[in-house]
Amino acid sequence: MALKEEIARRRTFAIISHPDAGKTTLTEKLLLFGGAIHIAGAVKSNKIKKTATSDWMEIEKQRGISVATSVMGFNYGDYKINILDTPGHQDFAEDTYRTLTAVDSVIIVVDVAKGVERQTRKLMEVCRMRNTPVIIFVNKLDREGRDPFDILDELESELKISVRPLSWPINIGEKFKGVYNIYEHSLDLFTPDKQRVSERVEIDSVDDPRVDEAVGDTDAAKLREDLELIEGVYPEFDKEAYLRGEVAPVFFGSALNTFGVKELLDCFVQIAPAPKPVMAEEREVKPEEEGFSGFVFKIHANMDPNHRSCIAFVKICSGRFERNAPYKHMRLGKTLKFAAPTAFMAQKKSIVDEAYPGDIVGIPDTGNFKIGDTLTSGESIHYKGLPSFSPEMFKYIENADPMKSKQLDKGIQQLMDEGVAQLFTNQFNGRRIIGTVGQLQFEVIQYRLEHEYGAQCRWEPISLYKACWIESDDAEALAAFKKRKHQFMATDKEGRDVFLADSNYVLQMAQSDFPKIRFHFSSEF
Ligand code: G4P
């Protein structure tokens, strides 16, 4: 197949949600349709949930949380689908942010009873920054939940995106009868069954008497009324607006019952974008260009505890990736060849000879890669990764075993390169501060320092509200600010200036006292 065709058939996306909304269940059902697994429950059952196939690290087994981000590729019809899994636990949101740099679109899962939750809101902000096209799946219709119109209003106001229902539920909870597929004008009846696909009633339109036969007169009348309202309130679905990230189509269903999932998938493959051009520092790079290029968005350490190695996940942006071809590692200025790149198909990883834009290849690594590194077939191209966001929790990290300070330094360095958390060095006292989005990351760091580097660390509290990257066009003003706030100045791991504000009040005062300084809450400005 020609490069262009390979690109056109690829759909690389992530499923994101607040924990428990049904992301794992939906992922599993999509794999089921793709024939990548054969029984429901293969990815997740009560027990397997603790070690879902996408979880590799020992720590995940212990904690039962998906710490890792992995990739699941499968063919569906003519399409090649790559689902990038994201950690189920919100403490690892940073990992999810980065995964969002490697996808072309996103499916958001929302629980019909809970509506938009905190984590969904945050992840949507990241999608919005990049204008990532979003499809929303409202899940758990088999349970009592909120009125679908209320949900749509909430999606619009909370996620700050226009919505357009493409399917519509007939009742909810115990009385849930099915969904009307607005996109295809068909009716799917609900049979609560975790293995079976829904039953389809062939109809010409919603006015077809077979609708009344299937769901009863009252519900049929209500459905018609609802649809009329939808057509009146929401503009026609505009695929281009969806691709620009301005409108999100909404589907309703029940992932657990495999209901509404196929409809979602069928529509998804049709409307979701194939790999798009990517903006590098130098220029825009088109996927169909001859020259290979890609970037590292994730580094996964020690997948095999017997071999101390990492896997760098590379998202291919252009050209054809070939095994053993010489590629330039832009940051190191070195040419490297990869003898054992792996691809992720049907939940297995195996060595691949070639891969295409949209695909993710895993490259075994012994310390050459950092998050954000670019590989090319020669041209000088640097992809910009996702910025770091101001962490939400901070602690001083101290050495608890003076004999092992080298190990600790190396461990901290590598874990930061992997993107596990952010490191700031206080310029006043030289102490190192680790910033995370959740308490669990501190535990992971401590565990990994001990088990992988033989180092012991100790955490000490520091009361901080936010870390802000600062800059100014006025060098004098910047110097004056740094002098005045010298106790609260730090550098990030790239040596950029960071102001450590210990309260919102202090930050606001600083902003009003130093109008020439710009305060940024993410590292990209
Ligand atoms: P997550 O990855 O977003 O965290 O959610 P996950 O799929 O693990 O689903 C969270 C819980 O919601 C699971 O129940 C799952 O079975 C349930 N669930 C998912 N989809 C539906 C649905 O359509 N209807 C209903 N009624 N429940 C759904 P659990 O009790 O936490 O796990 P388990 O014991 O079922 O494995």
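Author: The dialogue below treats a sheet, the cores, backbone angles and salt bridges in turn. This is a predicted model, in which local features need pLDDT of at least 70, side-chain atom pairs count only at pLDDT 80 or more, and totals for chains, interfaces and linings use all residues. Residues are numbered from 1 along each chain as its sequence is written, and side-chain values use heavy atoms, with hydrogens and water left out.

Reader: What is the order of the strands in the open sheet of eight strands?

Author: Strands of a sheet pair through backbone hydrogen bonds, either parallel or antiparallel. Here strands (E, at least two residues) and helices (H or I, at least four) are DSSP runs numbered from the N terminus, and two strands pair if DSSP finds at least two bridges between them. The order is β27-β24-β26-β25-β29-β30-β28-β31, with antiparallel pairing. β27 (457-461) and β31 each have a single partner strand, so one side of each lacks a neighbour in the sheet. On average, neighbouring strands are turned by 40° against each other, direction ignored; axes are lines fitted to C-alpha atoms, for helices over the stretch in contact, and angles run from 0 to 180 degrees between N-to-C directions.

Reader: Which residues stand opposite tryptophan 469 in β30 and in β31?

Author: Valine 498 is opposite tryptophan 469 in β30, and histidine 520 is opposite tryptophan 469 in β31. Strand β28 (residues 466-471) pairs with β30 (residues 497-501) over four bridges in the antiparallel sense, whereas three bridges join β28 to β31 (residues 518-520), also antiparallel.

Reader: Which strands does helix α12 lie across?

Author: Helix α12 (residues 439-453) lies across β24 (393-399), β26 (432-436) and β27, at about 20° to β24. Helix α13 (residues 475-484) also packs on the sheet, touching β28, β29 (489-491), β30 and β31, with its direction at about 150° to that of β28. Contact means heavy atoms within 4.5 Å.

Reader: Which residues touch the most other members of the largest nonpolar core?

Author: A nonpolar core is a set of buried Ala, Val, Leu, Ile, Met, Phe, Trp, Tyr and Cys residues joined through side-chain atoms within 4.5 Å. Buried means under 20% relative accessible area, exposed over 50%, and partly exposed in between (1.4 Å probe, protein chains only). Among the 66 residues of the largest core, they are Ile136 and Leu155. Helix α6 (residues 148-159) supplies the largest share, five residues. A second, separate core has 31 residues, including Phe237 and Phe268.

Reader: How many salt bridges does the structure hold?

Author: A salt bridge is a side-chain nitrogen of Lys or Arg within 4 Å of a carboxyl oxygen of Asp or Glu. The structure holds 41 salt bridges. One of them joins arginine 10 and glutamate 6 at 2.7 Å, N to O; arginine 10 is buried at 4%, and glutamate 6 is buried at 9%. Glu6 and Arg10 belong to a network of salt bridges with Arg9, Lys80 and Asp359.
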